[in-house]
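This report goes through selected local features and the chain contact of the structure shown below.

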Amino acid sequence: MNNPIIKRRTRLSSVWLIPLVAIFVSLWFVVQHYMQRGTEIEIRFASAEGIEAGRTLIKTLNVDVGVVTQVEINSDLETVSVVARIKAQAEDLLRQDSQFWVVKPRVGSKGVSGLSTLFSGAYIELEPGNDYPGKTSFIGLENPPLTPANKKGLNIFLISNSAASLNAGDPVLFKGFEVGQITQIEVLNPTQLKTSLFIESPYDKMVTSNTRFYNASGVSLQINAQSVAMHTDAMETTLTGGIAFDLPKSSSPGRQVVDGTEFKLYPDRNAIDTHPFQFSVDYLLLFDRSVRGLNIGEVVEYRGIKVGSVVDIAFQYLSESQFEKADNPKVPVLIRLDPGRILAEDSPKSSEKLTALLRQHVSRGLKAALKTGSLVTGQSFIQLDFYPDLPVGEMKKVGRYNTLPTTADDLDSLISGMTAFTHKLNQLPLDESVEQINATLLSVNQTLLSLEQSIKSIDALADSANQFVSSDAVMQLPEQLNALLQTTQSSLNQIASEDGLSNELNNTLLKLKATLNSVQRAAEKVEQQPNSVIFGSDNKIDTIPGSKP
Amino acid sequence: MKLKFFICLISSVFLVSCASQVQQTKFYVLPYLPLENRQTADLNIDINLAEYLKQDFMVIENQESELTFAQNHRWAEPLEQLITRYLSKRILSAQPENLLTQTQLEVNIERFYGSVSGQVYLSGYWQWQAQPEKADQRHYFDLKAKQSGPGYKNYVETSAGLLNKLAGQIVEYKL
């Protein structure tokens with residue numbers, strides 16, 4: 001008989017391997033889940049519009065990197081905290097300067113954005129920064145950042161008195177191309193604003209120390225003594241506002257600027273060319289005549305070359321007492337001269353240099369004169385020139401400005417001179433003079449008459465003498481004498497007669513009177529119509545007698 | 001480029017306006033009166049014109065009390081001399097016999113102008129001044145005539161006609 005083979009059984013059945021593997025696998029899953037679930041971050045927003053826990057995604061460059069897990073109101077009752085979980089692979093994106101904002105449909109001057117979120121729902125955009133990673137608490141932006149944090153470019157600050165029609169997001173133009181944006185506008189102090197710009201690379205190289213920024217909003221229309229000019233930049237900036245930059249005419253590019261450089265914001269394109277220099281000196285001109293036709297911004301020339309411009313015309317530059325005390329208060333005109341134009345040196349020292357130079361020239365007869373630039377528009381400008389015939393003026397100090405001596409030297413003064421001349425001519429006692437001359441002529445006539453009578457009596461005397469001396473010896477002598485006397489008498493008669501001397505004098509006087517009349521008419525014509533000196537008088541057609549019976 | 005064109009256009013318009021033709025001025029005299037081969041007495045006429053007539057522009061009445069001075073139609077010499085010469089010849093041609101030598105005739109003219117309606121006026125007074133202490137009285141006259149047709153030539157002719165009438169009056173009185 002076979003003995004049964006008794007085998008010793010193993011303690012554990014291999015069936016148990018299955019649950020063991022299952023436990024191991026599930027543990028692996030749990031660990032894996034914890035490993036994969038990523039970092040929890042908190043973002044603060046002003047409102048949770050469009051954000052839903054569990055549904056709203058967090059994306060970077062349109063790739064899902066996380067999801068919102070919880071939305072709750074903060075204890076200040078003004079902000080919300082959005083808790084989100086960022087995938088482990090994207091943890092590196094959570095840097096110190098990373099930015100979050102909600103992408104939703106937006107309509108603005110820059111167009112419509114985020115339309116795709118109409119169907120998909122809003123999502124939170126994460127823009128990774130450049131700093132070191134490891135941050136978990138962020139403050140979300142209300143609007144998308146205007147310039148991406150890692151974009152290359154140049155930040156510029158502009159200082160201005162006004163930021164009319166400028167807004168953050170408005171374009172920055174260079175020769176009509178959009179090369180950047182306004183990122184921020186803030187008030188520095190009650191009179192100054194600071195506008196921050198971002199110029200994108202590679203256009204940032206266009207900004208140099210000689211670059212001038214100007215407000216390119218709207219249309220700038222300027223009428224001056226020389227021309228009528230209109231300037232607009234791109235249609236977009238004309239309508240919505242914007243800033244443009246350029247080099248002033250005939251200016252060298254200058255050196256490259258660094259990030260954060262401050263510039264002055266000019267109100268328009270013209271202002272750049274009017275005052276392209278950084279340093280300028282203001283002088284006060286006191287005119288003792290009307291400055292009508294002179295506008296702010298008008299040029300100041302030295303013998304035809306522009307050296308500055310008119311900055312202001314106002315009585316505020318005269319102190320109150322000066323206005324009251326003066327028996328003939330003058331009109332103050334503030335002009336700005338650019339040392340850069342005259343000395344070719346644009347530095348703080350050049351201002352003092354220019355004042356010293358002008359002081360020297362003023363003592364040699366330099367004066368500022370108001371001149372008519374255009375007879376058509378009546379615009380005037382200031383001209384600096386030497387007037388050696390006039391008494392030399394001096395540079396004085398009025399308020400905080402130095403003054404330059406002034407003079408009148410233009411067509412107006414010619415006309416006013418002519419008016420004064422006409423006035424004096426009118427005041428001449430012409431009638432009295434003519435009466436006196438007439439009286440003189442009358443007395444001359446009377447004298448001549450009495451002379452004639454005298455001659456007649458001499459004639460008679462001669463006759464009697466003839467009779468008296470009727471001897472043959474002296475017969476010939478009286479006859480000759482008689483003949484001589486007759487000749488004399490006829491000459492004198494001729495002088496006394498109508499066609500003689502007195503008539504000639506009368507004619508001359510009449511002509512003189514007619515000439516004076518025509519001078520008066522010409523003066524009146526010039527007074528009524530000053531431009532007739534240049535353009536001639538109107539060619540009127542005379543009334544025809546008997547034309548309307 | 002456009003601005004240049006614009007400036008060129010404007011300046012040429014100004015130049016063209018400067019180049020426009022000026023109307024020709026015409027000068028007039030009263031008809032000539034020949035006194036050939038005649039011996040006449042001596043006569044002194046003193047013409048006093050109203051102040052507005054003491055110039056060479058022809059005066060035309062637009063409407064009542066409104067006068068215009070014709071810039072382009074003028075008397076060829078001062079009106080005073082023109083009338084003196086014409087009137088004295090007119091009077092002397094009538095050969096008034098009893099005109100005294102050295103006699104002074106004073107004629108004051110207040111109106112001597114035409115009008116757009118064609119009426120020509122000559123008004124004033126005259127006065128013989130035989131001797132200063134025996135001055136004659138004033139003789140006022142107000143003569144009018146319609147000119148034969150429109151125009152300055154007709155006006156001059158009608159004016160001469162009125163002066164003839166005045167001369168007739170003066171001669172008749174003295175005769």
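Where is the place of B:Glu106 in chain B? B:Glu106 sits in strand E5 (residues 103-115) of chain B. The model is a predicted one.

B:Glu106 is buried and yet has no salt bridge. The nearest side chain of opposite charge belongs to B:Arg138, 6.4 Å away. A salt bridge needs a side-chain nitrogen of Lys or Arg within 4 Å of a carboxyl oxygen.

The side chain of B:Glu106 does have a polar contact with the side chain of B:Asn48, at 3.4 Å. Leaving aside residues up to four places away in sequence, B:Glu106 touches B:Asp46, B:Asn48, B:Tyr125, B:Trp126, B:Gln127 and B:Gln129.

## The contact between chains B and A

Chain B gives 29 residues to the contact and chain A gives 20 residues. About 1800 Å² is buried between chain B and chain A, and carbon and sulfur atoms give 53% of this area. The number of salt bridges between chain B and chain A is zero. Polar contacts are found across the interface of chain B and chain A in 11 residue pairs, with both residues at pLDDT 80 or more.

On the side of chain B that touches chain A, the elements giving two or more residues are helix H1 (2-18), strand E3 (57-63), strand E4 (66-75), helix H2 (79-93) and helix H3 (152-174) of chain B. E4(B) gives the most to this side, with six residues. By residue class, the side of chain B that touches chain A has 12 nonpolar, 14 polar and three charged residues.

## Backbone features in loops of chain A

Two residues of the loops in chain A can be taken in turn for their phi values. A:Leu77 is not a glycine, but its phi is positive, about 60°. This residue is found in the loop between strand E3 (63-73) and strand E4 (80-86) of chain A. A:Leu77 is exposed, with a relative accessible area of 70%. A:Arg303, also a residue other than glycine, has a positive phi near 50°. The loop that holds A:Arg303 runs between strand E20 (299-302) and strand E21 (305-313) of chain A. A:Arg303 is partly exposed, at a relative accessible area of 48%.

Which form does the peptide bond from A:Ser201 to A:Pro202 take, cis or trans? The bond is cis, with omega near 10°. A:Pro202 lies in the loop between strand E13 (192-200) and strand E14 (212-215) of chain A.

Note on methods. Residues are numbered from 1 along each chain as its sequence is written. Chains are lettered from A and ligands numbered from 1 in the order in which they are written. Side-chain values use heavy atoms; hydrogens and water are left out. Contact means heavy atoms within 4.5 Å. Buried area is the accessible area (1.4 Å probe) that two parts lose on being put together, summed over both. A polar contact is a pair of N or O atoms within 3.5 Å; within protein, one must be able to donate a hydrogen and the other to accept it, and residues adjacent in sequence count only if both atoms are side-chain atoms. Helices (H or I, at least four residues) and strands (E, at least two) are DSSP runs, numbered from the N terminus. Ala, Val, Leu, Ile, Met, Phe, Trp, Tyr, Cys and Pro count as nonpolar, Asp, Glu, Lys and Arg as charged, and the others, Gly among them, as polar. Buried means under 20% relative accessible area, exposed over 50%, partly exposed in between (1.4 Å probe, protein chains only). Lys and Arg count as positive and Asp and Glu as negative; His and the chain ends are not counted.
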